[in-house]
Amino acid sequence: MRRIRIFDTTLRDGEQSPGASLNVEEKVVIARQLERLGVDIIEAGFPISSSGDFDAVRHVAESVRTPVICGLARCREQDIERAAEALRSAQRSRIHVFIATSRIHMEKKLRMPPEEVVENAGRCVAFARKYTDDVEFSPEDATRSDLDFMCRVIEVAIRAGATTVNIPDTVGYTTPEEFSRRIRHIREKVPGAADITLSAHCHNDLGLAVANSLAAVDAGCDQIECTVNGLGERAGNASLEELVMSLRMRRDIYEADTGIDTREIWATSRLVSNLTGIEVQRNKAIVGINAFAHEAGIHQHGVISDPRTYEIMSAEDVGWRGNQLVIGKHSGVHAIDEVLRQRGYNLEREQLQEIARRVKETADREKVVAEEDVVAIAGVVLDELSPEERLIELKEVSVMTGNSFTASATIRVTIEGRDVLGTGTGVGPVDAASHALQQILRSHVGPKLELKEYGLKAITGGTNALAHAHIEFSDESKNSFRGEGIDEDVILASVQAMLRGANRALNFKKLALRSANGSADAAKAEPS
Ligand code: KIV
Ligand code: ZN
């Protein structure tokens, strides 16, 4: 039986999903669960792209021991050095180097003649090999690249020491038959290709990412790149759960296995959905809440007499848990730990204690706290800022709303100790509160923030349900800052989320200023 390696890129390509940004702690929690799930490689980030990505790769490399930890790099020495630095403490590390090979990317994006692309690919793969003997090379936009040219670049990369060659369908353009022909051609015609691992990386713009990845396995790829819940740029990447279950359910066709413990799939899917704030669509294969539900009477009858009539796999095969535990004010850290573990959270003791404290606080008011509430509270604890990072603190918020006048809000905060008041109006109370906060930011601290995303979920039923708010601000340079908030009061949950986003933006600005001043000081100190 062939063994297909699962290369998970949820933390890198998945995180490039609009609205899916994760902080370092959240990435580490997801990486630990990916380890439990049994993925072979975790692509933890693109270290040169930001200090957050660098830290995430470094922390994942320190915390996760079994899978190979991979960092992405463009074909540039600086990118590769940064990736190597972030991966320094990994048990096993991989550097993933990419450069585009399609005409449109070379002309319009790289502005580089083809010969230079060939030269760069060879030089950078060889440079990456100085840091690790596990180097992956990707010709970006491979499926729109001239076949012979792409093969030439791959040959050069293999000669320079690439141990895995990944074929990305960057814009989700190919079809199963066409992709399969390309993969076979590489395997058969490129010198050295039979001795390295061939990999596929498919995007879902035409809804074919999983089908194309399976075609690639059939054509000889031994590694597939995918993300949990199919997260990723635009329409996403190939979904890990769909690929793994397809290989498992159709062993008769693919004659291949993965190292995935499928009973961890559901927990992983929930974890990623909770931490990114991106809901899984109800009818999503494998992990949607309708995936194992039977509505029609004729189906229900069949399933009751023998589940195999309408189910090709069981909910238990993917670790689906229907039963909800109820947590009360007497539940201890262990019960909370158990609930969270079943949802993929593997947390530090202090984090658990803080979650338990907040769960108890909620239980004192609400009597019982459902599993979903515990998970949402965990999400907020993981999103917590340190006391030094809390530059703005909420003191008071009041809103007026009704059907015959414009909603208005007043917010009082302290900014680094100073008392500041802001007012705003809007189409509703949340909009008004957002304007009041933006007024404060504009007049007292500077960064012009635009509310790019706002999501609100009532976690348990009823009018006193806990509300979970999720926001994303964007500044003038398109940096995004997110925040979570949870409260019985929708407005307070929303304001808390906005304050966290605003604090992140301020900290970012402060750090940028400090490093600009640092380089100015360094320049002053340079002998003239
Ligand atoms: O889609 C793509 O081409 C990528 C590469 C960096 C592999 O994500
Ligand atoms: Zn991609």
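Reader: Let's start with Cys 226: which cysteine sulfur is closest to its own?

Author: Keep in mind that this is a predicted model. In general, a disulfide is a covalent bond between the sulfur atoms of two cysteines. To call one, the two sulfurs have to be within 2.5 Å. For Cys 226 the closest cysteine sulfur belongs to Cys 202, and at 10 Å that's too far for a bond. Cys 226 is also buried, with a relative accessible area of 0%.

Reader: And how far is the sulfur of Cys 151 from the closest cysteine sulfur?

Author: That one is 13 Å, to Cys 221, so again it's too far for a bond. Cys 151 is buried as well, at 9% relative accessible area.

Reader: How many disulfides does the structure hold, then?

Author: The count is 0.

Reader: On to the metal. Which residues are the protein donors of the zinc ion (ligand 2)?

Author: Look for donor atoms around the ion. Here they are Asp 13 through OD, plus His 201 and His 203, each through NE2, at 2.0 to 2.1 Å from the zinc. Their spacing in sequence reads D-x187-H-x1-H. Asp 13 sits in the loop between strand 2 (5-8) and helix 1 (24-37), while His 203 is in the loop between strand 8 (197-202) and helix 8 (209-218), so this pair ties together parts that are 190 residues apart in sequence.

Reader: Are Asp 13 and His 203 buried or exposed?

Author: Asp 13 is buried, with 3% relative accessible area. His 203 counts as buried too, at 4%. The cut-off for that label is under 20%.

Terms used: Residues numbered from 1 in each chain as written. Chains lettered and ligands numbered in written order. Predicted model: local features only at pLDDT ≥ 70, side-chain atom pairs only at ≥ 80, totals over all residues. Heavy atoms only, no water. Donors = N, O, S within 2.8 Å, 3.2 Å for Na, K, Ca; no water. Helix = DSSP H or I, 4+ residues; strand = E, 2+ residues; numbered from the N terminus. Buried < 20%, exposed > 50% of the residue type's maximum accessible area, 1.4 Å probe, protein only.
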